[in-house]
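The following account leads the reader through one structure, from a single residue to the whole chain and back to local detail. Please keep the sequence and the coordinates in view.

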Amino acid sequence: MARYEIHGGTPLRGSVTISGAKNAVVAILPAALLVNGPCRIENVPDISDVRILLDILQGMGASIEKPEPGVVVIDCTRVTQTRPDEKLVRKMRASYYLMGALLGRFGKAHVALPGGCNFASRPIDQHIKGFEMLGAAVEETDTYVDLRPGKEGLQGTRINLDVVSVGATINIMLAASLIPGQTILDNAAKEPHIVDLANFLNTMGARISGAGTDTVKIRGVNSLHGGTYAVIPDQIEAGTYMAAVAAAGGNVLVKNVIPKHMECITTKLQEMGVKVFNYDDAIRIQSNAQLRKTTVKTRPYPGFPTDMQAQICVCMSCAAGVSRLTESVYETRFFGYCTELQSMGANIQIAGKTATVIGVEQLYGATVAAHDLRAGAALVIAGLMASGTTVVENIHFIERGYENLVEKLTALGASIRRLED
Ligand code: UD1
């Protein structure tokens, strides 16, 4: 089985270039289903979630070319399939965006329920509510969702999400882009990838306003045309490298970032004693690895992202004093990595939504297993700061979302290699 072997204790130095945002590209690729004509998409990360999505779209009849690294030209004009391959759909979470895109383009869809990171129960009731309010007849079983036009047909409307959901916001934006009339989505999520999807769709002729606020308006258009679009840099990948430098120490220029997107993470690292310098599209991070305690509560954007919970927990594990980490988006997320960190010497006590992290002098290398993408990334950081050798197993989770992790960390001076039996 593939695994990473890490010899810890080396400070990180140099520069690292952040890839395109996973959570944006997994929405933008299905959005290409709505477009008549070729979409040239740039800054596409080479990660397994992208490879699976491209296989799904190709299987549905899309033409896909990769003229250069990081660029995908996708033309879905000839797609007629509304039933994407079930096995592939089950391999990743964001395949549920095929529902909204197919509903918008064809008025119907039959999509298996998604797989991906199961760090918590991840309901899709708000997605279904949105589709129904847009006029779809929805049949949902344990294994698939079937969508078709209801008696009155598909029509824009006002939808109020009961919970702030990234996935539901995106799915409704996808479907409503080609559904007649205006859709107003209240209590929408505001994450950078939602703005990025709106920018992509608007570049192709959609009429979406308000993305990035809690009310998004989508005026349905008859068709979308091809064009060129570059995906934003990955906020969480950047945050992961920043946390790695904070934890292991060093001085690294993190390039291709939007510093504004990083503020919630930057502030917490500064509180822990890390020096952070913002430039136009880069951040320099300096750390002597002597961190101070902090308090973090995860929240939807612009709050501290739940996808950075595990990485900041590793930073807390060796910080002086007692830190508190509260999860308010996915309550069971601690269980994906805290036991593994404890086996490396961390002192973490979990009570409900809050982990109390009592800083220890040192983590010690051990064999640990990734249970989801971000938990896996956090264990890599733990390995970088620990003494001795850490082996991280189940790295297929990590490779879903981090492009060239081993190469990027090696270029920063880390001792990490990928081993395969
Ligand atoms: C997205 C991200 C994921 C991140 C999460 C929260 C992608 C592909 N994935 O996941 O990396 O951890 O946002 O920032 O972008 N909920 C419901 N009903 C629903 C939908 C969600 O109750 O229909 C709840 C969830 O259980 C959770 C909260 O809403 O407690 C937020 O979930 P949501 O924003 O939908 O997360 P995802 O889109 O699955």
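Is glutamate 42 buried, partly exposed or exposed? With a relative accessible area of 25%, glutamate 42 is partly exposed, where buried means under 20% relative accessible area, exposed over 50% and partly exposed in between, for a 1.4 Å probe and protein chains only. The model is predicted, so local features need pLDDT of at least 70 and side-chain atom pairs count only at pLDDT 80 or more, whereas totals for chains, interfaces and linings use all residues. Residues are numbered from 1 along each chain as its sequence is written, and side-chain values use heavy atoms, with hydrogens and water left out.

The chain as a whole comes next. It holds 14 helices and 23 strands; these are DSSP runs numbered from the N terminus, helices being H or I with at least four residues and strands E with at least two. Its radius of gyration is 21 Å, which agrees with the value near 22 Å that a compact globule of 421 residues would have; the radius is taken over C-alpha atoms, and the globule rule is 2.2 Å times the number of residues to the power 0.38. Along the principal axes, the C-alpha trace spans about 65 × 45 × 40 Å. Of the 421 residues, 58% count as buried. Contacts (heavy atoms within 4.5 Å) between residues at least 6 apart in sequence join, in 72% of cases, residues at least 24 apart.

Salt bridges number 18 in a search of the whole structure, each being a side-chain nitrogen of Lys or Arg within 4 Å of a carboxyl oxygen of Asp or Glu. Glutamate 42 takes part in one of them with arginine 40, at 2.8 Å from N to O. Arginine 40 is partly exposed, with a relative accessible area of 26%. Another salt bridge pairs arginine 90 with glutamate 86 at 3.4 Å, N to O; both residues count as partly exposed, arginine 90 at 34% relative accessibility and glutamate 86 at 43%.

Lysine 129 and aspartate 162 form a further salt bridge, with their closest N and O atoms 3.1 Å apart. Because lysine 129 lies in helix 5 (residues 125-133) and aspartate 162 in the loop between strand 9 (158-160) and helix 6 (166-176), the pair ties together parts that are 33 residues apart in sequence. Lysine 129 is partly exposed at 21%, while aspartate 162 counts as exposed at 55%. Salt bridges that share partners also join Arg40, Glu42 and Glu68 into one network.

Valine 25, in helix 1 (residues 22-31), is buried with a relative accessible area of 0%. Leaving aside neighbours within four places in sequence, valine 25 is in contact with Pro30, Val44, Pro45, Val50 and Val231. Its C-alpha atom is separated by 9.0 Å from that of asparagine 43, 18 residues apart along the chain.

The backbone deserves a final look. Most residues other than glycine have a negative phi, and most peptide bonds are trans. Tyrosine 301 and proline 302, however, are joined by a cis peptide bond with omega about 10 degrees; proline 302 is placed in the loop between strand 17 (295-297) and helix 10 (309-317). Asparagine 394 has a positive phi, near 60 degrees, and is found in the loop between strand 22 (389-393) and helix 13 (396-399). Asparagine 394 is buried at 18% relative accessible area.
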